[in-house]
Amino acid sequence: MDESTEKKCDFSDMGLSDAWLFRFKFYEENGIPKVFKQTDKYVKNFKSLPFKSQMTMAMNWKAFFFGPFYYFYLGMWRKALTILLFLTVLDLLLILLLSKAAAGCCYAIFWAVMTNPIYYVHRTKKSKSFNPFEGMQL
């Protein structure tokens, strides 16, 4: 195997649920979501999914409801601490500019949207980084 051939991961021995296997296989084929602009291949294949599968890919409901506790459960404590620090600073700004309710809603949405790609990088690259955006390009 030469260096130009990309090695595909085998997810079967990772002990993942069906939902995580679906997400990981999608990311393996289409790439990790970018922060601001997705690749054409990613967008095309994402839009071709049924609505329920799109929701599975777009958000993680356990992370929406349990936030940092779910990250600790998944073993991503470094990223959870970094995100908590980031969201605390963001919280202070939102409270000053808007209201406490707006800040709480932003927390939940941030946890829910970021969990899937972060966990993919954590498991496939065996990441030990504190950087929650590792592997995601702007």
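**Notebook: helices, rings and a patch**

Reading along the sequence, I get the pattern α-α-α-α-α-α-α. That comes to seven helices and zero strands. I keep in mind that this is a predicted model. I also looked up burial for the protein: of its 138 residues, 38% are buried.

**Entry 1: aromatic pairs**

I searched the whole structure for aromatic pairs and got 13. I began with Tyr 42 and Phe 46: their ring centres are 6.1 Å apart and their planes are at 5 degrees, so I noted the pair as stacked. The cut-off I needed here is that planes under 30 degrees apart count as stacked. Both residues sit in helix 2, which covers residues 40–47. They are four residues apart, about one turn of that helix. Are these two buried or exposed? Tyr 42 is buried, and Phe 46 is buried too.

Next I took Trp 77 and Phe 130. Their ring centres are 5.9 Å apart with the planes at 90 degrees, so this pair is edge-to-face. For that call, the planes have to be over 60 degrees apart. Which parts does the pair tie together? Trp 77 belongs to helix 6 (residues 77–97) and Phe 130 to the segment after helix 7 (100–124), so the contact links parts that are 53 residues apart in sequence.

I checked accessibility for both partners. Trp 77 has 36% relative accessibility, so I put it down as partly exposed. Phe 130 comes out at 44%, so it is partly exposed as well. The reasoning rests on the limits: buried is under 20%, exposed is over 50%, and partly exposed is in between.

**Entry 2: an aromatic cluster**

I then looked for rings that group together. Trp 20, Phe 24, Tyr 27, Tyr 119 and Tyr 120 form one aromatic cluster. One of its members also has a charged neighbour: Arg 23 lies over the face of Trp 20, at 4.5 Å from the ring centre.

**Entry 3: the nonpolar patch**

Together with Phe 72, Leu 81 and Leu 84, they make a nonpolar surface patch of about 450 Å². Which helix gives the most to this patch? It is helix 6, with three residues.

**Entry 4: Thr 88**

I stayed in helix 6 for Thr 88. Its relative accessibility is 41%, so it counts as partly exposed. A polar atom of the Thr 88 side chain lies 2.6 Å from the backbone oxygen of Leu 84, and Leu 84 is one of the patch residues from my previous entry. I also took a C-alpha distance: Thr 88 and Tyr 107 are 19 residues apart along the chain, and their C-alpha atoms are separated by 9.4 Å.

Lys 126 has a positive phi of about 50 degrees although it is not a glycine.

Methods: Residues numbered from 1 in each chain as written. Predicted model: local features only at pLDDT ≥ 70, side-chain atom pairs only at ≥ 80, totals over all residues. Heavy atoms only, no water. Phe/Tyr/Trp six-rings, centres within 6.5 Å; stacked < 30°, edge-to-face > 60°. Helix = DSSP H or I, 4+ residues; strand = E, 2+ residues; numbered from the N terminus. Buried < 20%, exposed > 50% of the residue type's maximum accessible area, 1.4 Å probe, protein only. Lys NZ or Arg CZ within 6 Å of the ring centre and 35° of its normal. Patch = residues over 30% accessible without salt bridge, like charges linked within 9 Å, V, L, I, M, F, W, Y side chains within 5 Å. Areas by Shrake-Rupley, 256 points an atom, 1.4 Å probe, with all protein chains shown as cover. Salt bridge = Lys/Arg side-chain N within 4 Å of Asp/Glu carboxyl O. Polar contact = N/O pair within 3.5 Å; in protein donor to acceptor, adjacent residues only side chain to side chain.
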